[in-house]
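I opened my notebook beside the viewer today and jotted down each thing I looked up. Have the structure open as you read along.

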Amino acid sequence: MMLSKGLKRKREEEEEEKEALAVDTWWLDPGHPAVAQAPPAVASSSLFDLSVLKLHHSLRQSEPDLRHLVLVVNTLRRIQASMAPTAALPPVPSPPTAPGIADNLLASSDAALSASMASLLEDLSHIEGLSQAPQPLVDEGPPGRPTGGAPPSLGALDLLGPATGCLLDDGLEGLFEDIDTSMYDSELWAPASEGHKSSPEDGPGKEEAPELDEAELDYLMDVLVGTQALERPPGPGR
Amino acid sequence: MLLSLPALHLQTSEYHPLFQLPHRRLGPWCSPTGSPAPLSCETGCGEGSWILVCRLLVPTQVSLLSMEEDIDTRKINNSFLRDHSYATEADIISTVEFNHTGELLATGDKGGRVVIFQREQESKNQVHRRGEYNVYSTFQSHEPEFDYLKSLEIEEKINKIRWLPQQNAAYFLLSTNDKTVKLWKVSERDKRPEGYNLKDEEGRLRDPATITTLRVPVLRPMDLMVEATPRRVFANAHTYHINSISVNSDYETYMSADDLRINLWNFEITNQSFNIVDIKPANMEELTEVITAAEFHPHHCNTFVYSSSKGTIRLCDMRASALCDRHTKFFEEPEDPSNRSFFSEIISSISDVKFSHSGRYIMTRDYLTVKVWDLNMENRPIETYQCHHDGLLQQLLQDV
């Protein structure tokens with residue numbers, strides 16, 4: 001049974017009841033004691049983490065592949081919508097425009113893109129499961145964030161300003177300095193090391209996951225979005 | 001990527017009414033091994049019995065699969081590789097294109113080189129060898145560049161090649177990397193003038209004072225030499241990466257498309273182009289869709305289509321307005337609710353779009369399928385072909 005059907009049932013009431021397949025889907029049964037304690041987002045949290053990683057990876061490229069970025073962001077938004085369907089997405093503010101770069105299309109689009117992605121990431125970090133997003137992240141976010149309340153930090157604006165690849169890298173990495181990213185290390189994707197994940201939502205559903213484990217999901221998404229083509233050779237002087 | 005093949009050989013029986021392909025054989029031309037193939041796997045189909053499949057990750061092999069024979073791959077000798085013993089990353093083929101008669105096949109690779117193959121002449125003795133192609137010409141089309149303003153390297157990888165219709169003895173083609181389109185002239189030389197007055201046989205200039213008689217130079221036959229010369233360079237018109245070029249049926253203009261914009265060029269003018277499509281949102285945060293491919297109608301020079309990462313195709317008429325942001329037709333198949341998954345959008349992203357030779361139909365390629373659309377019907381394709389037959393991928397996607 002498709003995991004997404006269980007998540008979306010309450011939103012699409014007109015959808016007819018699907019016949020249950022032979023695959024045991026006990027983790028979607030709300031009456032099951034293990035499931036009753038876990039929030040409904042159990043099934044797609046690994047997919048969510050995976051998509052966030054892909055987004056990071058995409059943004060880290062010196063010249064982000066727009067198609068890759070758009071596909072990953074749209075998928076992430078879809079996952080996010082299914083995980084927290086009642087929470088209204090905070091309105092994303094317009095990005096800061098540094099003076100004098102209005103005519104430089106790419107520079108402003110870089111700044112806008114990175115600002116929008118940073119705000120989206122921050123927005124996503126407030127979803128349960130990534131709540132260890134640190135306080136500095138909120139303070140240094142782009143201006144106009146309704147959650148922070150603190151005045152925009154000029155330091156963050158500089159980081160997100162007309163950026164070359166290196167500056168953008170440092171800026172984004174700096175924002176996430178305080179997060180323990182060990183759970184995102186790729187070598188920990190093997191099923192044997194699932195215990196390292198500290199997210200409380202990882203219930204027993206993980207160990208007895210359906211046919212697709214994280215490594216397969218990661219590979220599948222890579223193949224579909226064309227991540228292998230993303231790597232560009234380093235330029236001279238780098 | 002979809003290739004339009006010229007009409008080489010038509011099947012006489014059991015052929016697809018439009019694309020002249022036998023129905024039975026549609027499987028192999030999508031993925032020879034049946035395994036989930038990355039989008040980089042090129043497929044070709046057309047009005048003919050010959051199918052070309054180039055796996056981008058297998059740089060040395062250009063295989064011609066004949067519909068008449070079961071998996072009869074013919075290896076081209078490796079003489080066109082940079083190093084005859086090894087295939088390097090630069091040799092990886094990134095694009096292929098037949099010319100209109102099918103006599104020439106151009107390939108572009110990651111290292112910015114174009115290699116043109118020519119079909120062997122038909123011989124009465126070896127009729128079955130007419131599918132062999134030999135190296136005809138090799139030239140370096142693009143070099144790596146460095147954009148100092150943005151501190152970014154511009155790859156020399158050839159993204160697309162398009163042939164111009166032949167109007168004289170020379171061949172013309174457009175080749176493009178991420179940022180620059182170039183027009184190349186490929187011509188043959190099989191005669192050489194001999195008997196210059198001012199130059200001796202080695203080419204050294206002679207002192208005019210030593211010349212006592214004059215002679216008329218004569219043309220003597222020489223070994224065939226194929227030379228490629230760059231005729232036009234169309235640069236600095238694209239902020240994003242060029243993914244498509246398409247020659248217009250008026251033979252005077254062509255278009256180049258990147259992720260967000262499409263520009264119209266005149267072949268004679270290199271320092272300006274017209275922007276005809278611009279889907280860049282005022283606020284980049286609202287970006288949800290990019291252009292993935294574009295092509296002109298084969299007969300109507302005012303009509304073109306472009307596909308998107310959301311699985312839609314838009315048909316535009318340049319007579320309607322200078323900036324064709326509002327489409328004339330919009331082709332999209334509604335999502336099948338039973339096949340929904342979080343990856344639905346990713347797999348619906350169209351990688352290539354092609355007009356049929358008649359101009360009435362278009363063919364699109366997304367991750368799992370090839371679809372044929374009738375221009376007169378926008379709400380769904382008239383045919384859909386699954387490209388992965390083992391069902392493994394569909395099964396995997398159901399779990400997402």
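**Entry 1: around B:Glu333**

I began with the neighbours of B:Glu333: leaving out residues up to four places away in sequence, B:Glu333 touches B:Lys371, B:Trp373, B:Asn379, B:Arg380 and B:Pro381. A reminder to myself before going on: this is a predicted model.

I then checked where B:Glu333 sits, and found B:Glu333 in the loop between strand E22 (329–331) and helix H1 (344–348) of chain B. Buried or exposed, or in between? B:Glu333 counts as partly exposed, because its relative accessibility is 32%, and buried would need a value under 20%.

Next I looked at two of those neighbours in turn. The side chains of B:Glu333 and B:Lys371 are joined by a polar contact of 2.8 Å. B:Asn379 lies 46 residues from B:Glu333 along the chain, yet their C-alpha atoms are separated by 5.7 Å.

**Entry 2: a sheet in chain B**

I zoomed out to chain B and noted two helices and 26 strands. Of its 400 residues, 52% are buried. I also looked at contacts with a separation of 6 or more in chain B, and residues 24 or more positions apart account for 52% of them.

Then I picked out one sheet. Its four strands run in the order E23-E24-E25-E26 (chain B), with antiparallel pairing, and the sheet is open. Which strands stand at the edges? They are E23 (352–355) and E26 (383–386) of chain B; each has a single partner strand, so one side of each has no neighbour in the sheet. From one strand to the next, the twist averages 15°.

**Entry 3: strand E24(B) and its partners**

I followed E24 (residues 361–365) of chain B, which is joined to E23(B) by four bridges, the two running antiparallel. Along this pair, B:Asp352 stands opposite B:Arg365, and B:Phe355 stands opposite B:Ile362. The E23(B)–E24(B) hairpin has five residues between the strands, and there B:Gly359 takes a positive phi near 90°.

On the other pairing, I found five bridges between E24(B) and E25 (residues 369–374) of chain B, again antiparallel. B:Met363 faces B:Val372 across this pair. The hairpin that E24(B) and E25(B) form has three residues between them.

How many residues of E24(B) are buried? Five of its five are. I checked each face: B:Tyr361, B:Met363 and B:Arg365 are buried on one side, and B:Ile362 and B:Thr364 on the other.

**Entry 4: cysteines**

B:Cys324 counts as buried because its relative accessible area is 1%. B:Cys301, in contrast, counts as partly exposed because its relative accessibility is 36%.

**Entry 5: helix H4 of chain A**

Last, I turned to chain A and checked the length of H4 (residues 66–83). At 1.5 Å a residue its 18 residues should span 26 Å, and the end C-alpha atoms are 25 Å apart, so the two agree. I noted 16 of the 18 residues of H4(A) as buried. At the start of H4(A), I found a side-chain oxygen of A:Asp65 within 3.0 Å of the backbone nitrogen of A:Arg67.

Note on methods: Residues are numbered from 1 along each chain as its sequence is written. Chains are lettered from A and ligands numbered from 1 in the order in which they are written. This is a predicted model: local features need pLDDT of at least 70, side-chain atom pairs count only at pLDDT 80 or more; totals for chains, interfaces and linings use all residues. Side-chain values use heavy atoms; hydrogens and water are left out. The expected span of a helix is 1.5 Å times one less than its number of residues. Buried means under 20% relative accessible area, exposed over 50%, partly exposed in between (1.4 Å probe, protein chains only). A polar contact is a pair of N or O atoms within 3.5 Å; within protein, one must be able to donate a hydrogen and the other to accept it, and residues adjacent in sequence count only if both atoms are side-chain atoms. Two strands pair if DSSP finds at least two bridges between them. Axes are lines fitted to C-alpha atoms, for helices over the stretch in contact, and angles run from 0 to 180 degrees between N-to-C directions. Contact means heavy atoms within 4.5 Å.
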